[in-house]
Each structure stands twice: as structure tokens, then as C-alpha cells.
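Thanks for coming. I will go through one structure this morning, from a single side chain out to the whole chain.

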Amino acid sequence: MSYSDSGNAWRNDGAMQPHAFDPYLHPELFRGVATRRAFAFLIDMVVISVPVILGYIFIALFGIVTLGIGWALFWLAWPASVVWAIVYYGACIGGPSSATIGMRLMDLELRTWYGAPGYFVLGATHAVLFWVTVSFLTPFVVLVGLFNGRRRLLHDVVLGTVVINNSVRAPVPQAARTY
């Protein structure tokens with residue numbers, strides 16, 4: 001079964017849906033994506049790290065106030081950090097903009113290969129698969145993006161996602177000047 005954009009209906013004729021975003025027909029969708037994606041990643045790491053650091057500081061101060069008993073909460077900090085990162089990516093990519101905060105600031109958007117917006121499970125899986133592939137195949141993950149027209153990284157290829165320039169795909173009309 002494949003997804004059909006004509007009428008947004010499923011069809012069962014065995015046909016494969018073509019890629020919605022062709023780098024040769026629309027190169028502006030992919031221009032500068034790799035660089036902006038790196039900056040978006042750094043912004044997202046700051047957004048994820050701030051609550052985690054505040055949580056560690058709270059546990060440290062709570063441990064001082066409770067004469068060391070509160071420090072037992074440190075064993076929850078690492079699992080809570082992982083859950084927070086997965087929920088962050090899932091909620092942001094599953095949201096209406098299909099982008100994390102860093103991606104929105106860099107004007108990027110994650111889509112499936114057939115053009116559908118992201119959803120929670122895709123966002124959470126995208127984050128987990130990214131961290132797993134980076135842990136084992138660090139240089140290969142980045143190098144894959146340099147050798148394909150859509151600038152997809154290894155986890156994008158596995159999940160069938162593509163990151164595109166949002167402002168080019170859906171330009172916002174400018175208001176008329178009143179002066």
C-alpha cells in the first residue's frame with residue numbers, strides 16, 4: 001500500500017510513491033541544510049541541557065538541605081535526562097511545525113520522504129536512532145549527508161525522513177508597508 005497525494009487516499013495497486021522532494025527539481029529546498037542543521041543541533045543541545053543542569057543543581061541543593069538524603073535522587077537524573085530528550089524531540093517533531101526549537105530557529109523542517117509532516121513516534125525514534133548511530137558510526141553518519149542530494153544523514157535514510165528549508169517550501173507573504 002502506498003500513500004497517494006491525489007485525494008489523500010491510500011491505494012493498493014502496488015505502486016511506489018515517488019520522493020516528494022527532488023533535489024534536482026527544487027535545489028533551493030536543500031541549499032545550506034547541512035550547515036544549518038549542525039547549528040540547529042547545537043541550539044537543541046542547549047535547550048535540552050538547561051533543564052537537566054537545573055535538575056542536577058536542585059538535587060544537589062536538596063541533598064544539602066536534607067543532610068545528604070536528597071542526593072539519593074541523583075540515580076534518577078540520568079534516566080530522567082534521557083526521557084526528557086526523547087519527549088522533547090518527539091513533541092517538537094510531532095508538533096505543527098515538524099521541527100525542534102533549533103530547527104525552527106534555523107528555518108528547517110523534518111518531513112517523511114513522501115512529504116507528510118512528522119509525528120511523535122517518528123521524532124522520538126529519530127532522536128534515539130541518531131544517538132545510537134553516532135555512538136557506533138560517528139564519521140559515517142555525517143559523511144552520508146555529504147554524498148547525497150537531499151543531504152540526508154544515516155538515520156534519515158533508515159527512517160525515510162528528509163530535512164528541508166521551511167522558508168522556501170512555504171513562503172510567508174509580507175504585509176504591505178504603510179509609510
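I start with T133, which is found in helix α4; helices here are DSSP runs of H or I with at least four residues, strands are runs of E with at least two, and both are numbered from the N terminus. Before going on: this is a predicted model, where local features need pLDDT of at least 70, side-chain atom pairs count only at pLDDT 80 or more, and totals for chains, interfaces and linings use all residues. Residues are numbered from 1 along each chain as its sequence is written, and side-chain values use heavy atoms, with hydrogens and water left out.

Is T133 buried or exposed? T133 counts as buried because its relative accessibility is 10%. The cut-offs are under 20% relative accessible area for buried, over 50% for exposed, and partly exposed in between, with a 1.4 Å probe and protein chains only. A polar atom of the T133 side chain lies 2.9 Å from the backbone oxygen of L129. Leaving aside residues up to four places away in sequence, T133 touches T138, V141, L154 and H155, where contact means heavy atoms within 4.5 Å.

Next, α2. This helix has 20 residues and reaches 29 Å from its first C-alpha to its last, close to the 28 Å expected at 1.5 Å a residue; the expected span is 1.5 Å times one less than the number of residues. Its buried residues are A77, S81, A85, Y88, Y89, G90, C92 and I93. What covers them includes α1, α3, β3 and α4.

Now the surface. V46, V50, I53, L54, Y56, I57, L61, I64, W71, F74, W78 and V82 form a nonpolar patch with about 1200 Å² of accessible area together. The elements giving two or more residues to this patch are α1 (33-65) and α2 (74-93). The largest share, eight residues, comes from α1. A patch takes residues with over 30% relative accessible area and no salt bridge, and nonpolar side chains (Val, Leu, Ile, Met, Phe, Trp, Tyr) are joined within 5 Å. A salt bridge is a side-chain nitrogen of Lys or Arg within 4 Å of a carboxyl oxygen of Asp or Glu. Areas come from the Shrake-Rupley method with a 1.4 Å probe. V46 lies in helix α1 and counts as exposed because its relative accessibility is 52%.

Last, the whole protein. There are six helices and four strands. Buried residues make up 34% of the 179 residues.

Key. Patch = residues over 30% accessible without salt bridge, like charges linked within 9 Å, V, L, I, M, F, W, Y side chains within 5 Å. Polar contact = N/O pair within 3.5 Å; in protein donor to acceptor, adjacent residues only side chain to side chain.
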